[in-house]
Amino acid sequence: MIYLSALILILYLTALIYGGICFLRKKMPLYFKLLFFAVACFFQEKLYFTVNYFCTGSWDNTFNFAIFGSGAAFAFMLSANYGQFDGIVDDGSKEYAKYRHIAVIAPIITGLISVMVAAHHIHMNHEWFFVVVILLVNLPGILASYFNMKLLIFPDVFMVKPLRACNAMGLIVIFASIISEFYFVIDAGLLNMIVELLCSVSLIIWMICARRGFKGWKT
């Protein structure tokens with residue numbers, strides 16, 4: 001378990017370094033910088049829990065400020081698509097209504113998973129404060145999943161196609177992060193590690209897809 005935790009942290013760090021090399025440049029569009037900042041927040045959260053595990057020999061599944069790392073990451077992902085890109089490609093016309101309707105599936109699923117996490121925690125620990133925090137942390141991710149899903153299926157009206165793979169991986173990252181949180185709360189250590197491994201690999205692929213998307217924008 002310790003070696004797997006170390007491997008996962010190294011993969012998170014790999015995504016961080018690769019993203020920093022690709023996107024921390026002066027002339028890089030803000031969209032891609034926001035995606036990198038999301039990876040940085042995921043890494044910060046993982047770093048805390050891993051170091052804490054190495055020091056104590058157990059996972060800290062109580063409230064701590066490190067859990068806001070994923071919430072900040074989700075907020076950066078939401079800002080990238082909603083604030084930087086969605087308004088350009090979607091004019092709100094009826095022509096694209098079906099894509100908006102289909103995209104609602106993603107936040108419904110992520111929202112249900114978050115509610116399951118909250119309900120289980122209440123049942124096991126009878127504690128409301130942590131539940132409210134979890135829901136607040138996941139809210140940006142739930143909203144971000146809508147835009148990732150929409151831009152994944154949206155017609156290529158304005159530079160959408162080069163970012164399809166990027167949005168697909170962003171969606172996987174959100175799902176993996178929230179599902180990992182569920183396994184973490186119910187203390188299913190091995191399942192949590194497996195999903196964390198998926199998440200860490202997805203972060204690397206996400207940054208690779210983002211770099212290819214940027215190259216697609218330039219051509």
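Lys-150 and Asp-90 form a salt bridge in this predicted model, with their closest N and O atoms 2.8 Å apart; the term salt bridge stands for a side-chain nitrogen of Lys or Arg within 4 Å of a carboxyl oxygen of Asp or Glu. Lys-150 lies in helix H6 (residues 129-153) and Asp-90 in the loop between H3 and H4, so the pair ties together parts that are 60 residues apart in sequence. Helices here are DSSP runs (H or I, at least four residues), numbered from the N terminus. Both Lys-150 and Asp-90 are buried, where buried means under 20% relative accessible area, exposed means over 50%, and partly exposed is in between (1.4 Å probe, protein chains only).

Asp-90 also pairs with Arg-100 in a salt bridge, again with 2.8 Å between the closest N and O atoms. Because Arg-100 sits in helix H4 (residues 97-103) and Asp-90 in the loop between helix H3 (68-89) and H4, this pair ties together parts that are 10 residues apart in sequence. Arg-100 is buried, as is Asp-90.

The whole structure contains 4 salt bridges. One of them brings together the side chains of Lys-46 and Glu-196, at 3.8 Å from N to O. Lys-46 is in helix H2 (residues 30-56) and Glu-196 in helix H8, so the two tie together parts that are 150 residues apart in sequence. Helix H8 spans residues 189-218. Lys-46 and Glu-196 are both buried; for Glu-196 the relative accessible area is 13%. Leaving aside residues up to four places away in sequence, Glu-196 touches Ile-8, Tyr-12, Lys-46 and Ser-180, a contact being heavy atoms within 4.5 Å.

Ile-21 belongs to helix H1 (residues 2-23) and counts as exposed because its relative accessibility is 59%.

Residues are numbered from 1 along each chain as its sequence is written, and side-chain values use heavy atoms, with hydrogens and water left out. As the model is predicted, local features need pLDDT of at least 70 and side-chain atom pairs count only at pLDDT 80 or more, while totals for chains, interfaces and linings use all residues.
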